[in-house]
Amino acid sequence: MRVLVAEDERMLADSIAEGLRGEALAVDVAYDGEAALERLHVHEYDVLVLDRDLPGVHGDEVCRAVVADGALVRVLMLTAASDVRSRVEGLSLGADDYLSKPFAFEELVARVHALGRRTRPADPPMLERAGIRLDRAHRQVFRDGRYVPLSRKEFGVLAELLRADGAVVSAETLLEKVWDEHIDPFTNTVRTTMMKLRRKIGDPPVIETVTGVGYRIP
């Protein structure tokens, strides 16, 4: 899942982003409304965590633009106002959910995951193929019953391959879904991560390289 956090309080924005990355999500950050709109035009996000009171382009306008563009991204609106009228106004703009500040981070994570499930078809609790079992809830992976410790990126890559159900996944798709916008699109990061992932999963090999196309677990 890829998330955009649009929040002008930099410490809060960075804290939210870091916490969501700890959930194995790819997260970008925008500190004003204009930057948020630019990123939304460049990348396909599953969830937008949107502060309503953004400077420059107001959060309300960002939300209206998302709705007008017909984007599939789900909007979780954040605001310091907690009264019913403010919540109704935010939802009437097209936001999918609403969270008042201050909030418990665990609740924000739960709401982001819930919105993400509405953006794409829900994954089963366990993804299984070729003797590999990936437990999304506990972020654990097993190969033929053997526990395989993986980094967050390795876990994200494996999850995308398992979700593909045997289809080929390109390196570009993996970069889009697992990493954030700061990654160099010409980097060898995907190849390096794939080498480490294969080494940890062990023999016999299960991840196949389709030359010039991408990777798959047949």
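This is a predicted model: local features need pLDDT of at least 70, side-chain atom pairs count only at pLDDT 80 or more; totals for chains, interfaces and linings use all residues.
**A sheet and a helix pair**

Let's start in the sheet, where strand 7 (residues 132-135) and strand 8 (residues 140-143) run antiparallel and are joined by four bridges; strands are DSSP runs of E with at least two residues, helices are runs of H or I with at least four, and both are numbered from the N terminus.

Residues are numbered from 1 along each chain as its sequence is written, and side-chain values use heavy atoms, with hydrogens and water left out.

Stepping back, the open sheet has four strands in the order 6-7-8-9, with antiparallel pairing (two strands pair if DSSP finds at least two bridges between them).

Now turn to helix 2 (residues 33-42) and helix 3 (residues 59-69), which pack at an angle of about 20° with their axes 10 Å apart. Axes are lines fitted to C-alpha atoms, for helices over the stretch in contact, and angles run from 0 to 180 degrees between N-to-C directions. The two helices are therefore roughly parallel to each other (angles under 35 degrees). Where do they meet? G33, L37, L40 and H41 in helix 2 meet V62, A65, V66 and D69 in helix 3, contact being heavy atoms within 4.5 Å.

Conventions: Angles under 35 degrees count as roughly parallel, over 145 as roughly antiparallel, 65 to 115 as roughly perpendicular and the rest as oblique.
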